[in-house]
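Visitor: I am new to protein models and would like to be walked through one slowly. Could we take the questions in turn?

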Amino acid sequence: APAPPRVLHHFSDPGEVETLRENLLAWYYRCKRDLPWRALAATEPDADRRGYAVWVSEIMLQQTQVATVIDYYNRWMQKWPTLQALAEASLEEVNELWAGLGYYSRGKRLQEAARKVVSELAGHMPRTAEDLQKLLPGVGRYTAGAIASISYGQATGVVDGNVIRVLCRLRCIGADSSSPAVIDRLWDMANALVDRSRPGDFNQALMELGATVCVPKAPLCRECPVKQHCRAQQRKLFGKPVPLPDVEDCGVGDCPLCPPATEPWDSSLGVTNFPRKAAKKQPRAMRTATCVLERRGCRGAPEYLLVQRPSSGLLAGLWEFPSHPLPQDLQDEKKEKEVLADHLQAWMGQPVAAEGLQFIGEVIHIFSHIRQTYVVYSLHLDGDMTLNTASSPSRWVTEEEFHASAVSTAMKKVVGA
Ligand code: SF4
């Protein structure tokens, strides 16, 4: 069994925990942001609808800023106010609404899970974190804890990026915060700290603190409702956490939660010494040739060809300009044009002259794990042409229709190139 946490990294005083909860909750009730999902979670009397409302918000908020999510959330809940309504939607509709929010598989998984609740669970949301995680595809430990505590009052903690930062600072945890050992300790801590009678509010308060006060670069420690409990702050002010005379022992050698001995406390960083993460892997670089194929539509307005991506993998089911990955070592414009012309020929069922392709520019888009460079070309077509729709669906759209389609942000950038 792992060694019990050392006193520096532990909430060992029940009185202190009680005061921390009270201070944090009082601050939350005073300062929390008005967010549409909070209003729904607080007022919706139907338990399934309440769970659904929180679930949608949590999935949208993964990797996405609150300010961006609000408008998407309101439109989503207006269009599909219940699980049943979402279960009946098509993937195309889901992708259209999700367009621009990124990480598209989230919308798809949400809809698949809604179908499962309707068809296999008689339309009822599971009520505990354990069941939510077990029964709903795409619902991990954090999302399950958030839904169960906020919608159903289960006294269970949550650990997301904001909570990691706050807890690591409160208890001077400087070991790699993405390591399983540290994450496990943080879950134990979150489960022990959560307020038994108001778990949903407590969890939201902890996350709100991380989002608005205990922010990554310049935390507002003076305004912090839990500063008296914060050992990173004490260490910054007094050189070491004051009520803990033996803390100098911690971190010398073998403490699994202290910063590594090779990277000790840096006084110029203050509380932002915590949390620490192992260096991130660099995203993989990819180059893709893409062609804005334009023709004159029947009403004289220009139209552009969109093709649909495969139904699994990156940007599944979204629409894009005909695109083809380029070998990494190919940087020669003539050869790039030839690769693209061959690809277009397969779509158009007729030869495409590579010289007709006009280079427009390059657009870079960062996906979570890929740094994608789109090498953008354009081609104007005269007269009619047949399309080979056997490999995947395609359609001609006006500029207006393009913007209303389920296209990724990367493709919108390509239009602006
Ligand atoms: Fe974060 Fe500062 Fe509050 Fe500590 S005192 S929890 S570092 S904002």
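Visitor: How many helices and strands does the secondary structure of the protein chain come to?
Guide: This is a predicted model, so every value here is computed. The C-alpha atoms of the protein chain fill a box of roughly 80 × 50 × 40 Å along the principal axes, and of its 417 residues 50% count as buried. The secondary structure of this chain comes to 16 helices and seven strands.

Visitor: Which cavity is the space taken by the ligand?
Guide: The residues surrounding the ligand are R169, L170, C214, C221, C224, K227, C230, Q233 and V271. The space that the ligand takes up is the largest cavity.

Visitor: How do the residues of the shell around the ligand divide into nonpolar, polar and charged?
Guide: The shell includes R169 and K227 as well as Q233, and Arg and Lys count as charged, whereas Cys, Leu and Val count as nonpolar. Sorted in this way, the shell around the ligand divides into six nonpolar, one polar and two charged.

Visitor: Why is the pair of W76 and W98 edge-to-face?
Guide: The structure holds seven aromatic pairs, and one of them brings together W76 and W98, whose ring centres are 5.6 Å apart. This pair links distant parts of the chain, with W76 in helix α4 (residues 66-79) and W98 in helix α6 (residues 91-98), 22 residues apart. Both W76 and W98 are buried.

Visitor: Which residues form one aromatic cluster with W80?
Guide: One aromatic cluster takes in W80 together with W76 and W98.

Visitor: F359 and Y377 form an aromatic pair, but is Y377 buried or exposed?
Guide: The rings of F359 and Y377 are 5.6 Å apart centre to centre, with 65° between the planes, which makes the pair edge-to-face. It links distant parts of the chain, F359 lying in strand β5 (residues 358-366) and Y377 in strand β6 (residues 370-381), 18 residues apart. F359 counts as partly exposed because its relative accessibility is 35%. With a relative accessible area of 0%, Y377 is buried.

Visitor: At what distance from the ring centre does R141 lie over the face of W187?
Guide: Two charged side chains can be described here, and K32 lies over the face of Y28 at 5.7 Å from the ring centre. R141, for its part, lies over the face of W187, and its distance from the ring centre is 4.0 Å.

Visitor: Which residue does a cis peptide bond join to F274?
Guide: The bond has an omega of about -10°.

Visitor: Why does Q63 count as exposed?
Guide: Q63 lies in the loop between α3 (47-61) and α4, and it has a positive phi of about 65° although it is not a glycine. Exposed means over 50% relative accessible area, and Q63 therefore counts as exposed because its relative accessibility is 62%.

Visitor: What is the relative accessible area of A122?
Guide: A122 lies in the loop between α7 (105-120) and α8 (129-135), and its phi is positive, at about 55°, although it is not a glycine. A122 is exposed, with a relative accessible area of 61%.

How values were computed
Residues are numbered from 1 along each chain as its sequence is written. This is a predicted model: local features need pLDDT of at least 70, side-chain atom pairs count only at pLDDT 80 or more; totals for chains, interfaces and linings use all residues. Side-chain values use heavy atoms; hydrogens and water are left out. A residue is near a molecule or strand if one of its heavy atoms lies within 4 Å of it. On a 1 Å grid over the protein atoms alone, a cavity is a set of points where a 1.4 Å probe fits but cannot get out, and a pocket is an open set with protein on both sides within 12 Å along at least five of seven lines; lining residues have an atom within 4 Å of a point. A molecule sits in a cavity or pocket if more than half of its atoms lie within 2 Å of its grid points. Rings of Phe, Tyr and Trp (its six-membered ring) pair if their centres lie within 6.5 Å; planes under 30 degrees apart count as stacked, over 60 as edge-to-face and the rest as tilted. Helices (H or I, at least four residues) and strands (E, at least two) are DSSP runs, numbered from the N terminus. Buried means under 20% relative accessible area, exposed over 50%, partly exposed in between (1.4 Å probe, protein chains only). A charge sits over a ring if NZ of Lys or CZ of Arg is within 6 Å of the ring centre and within 35 degrees of the ring normal.
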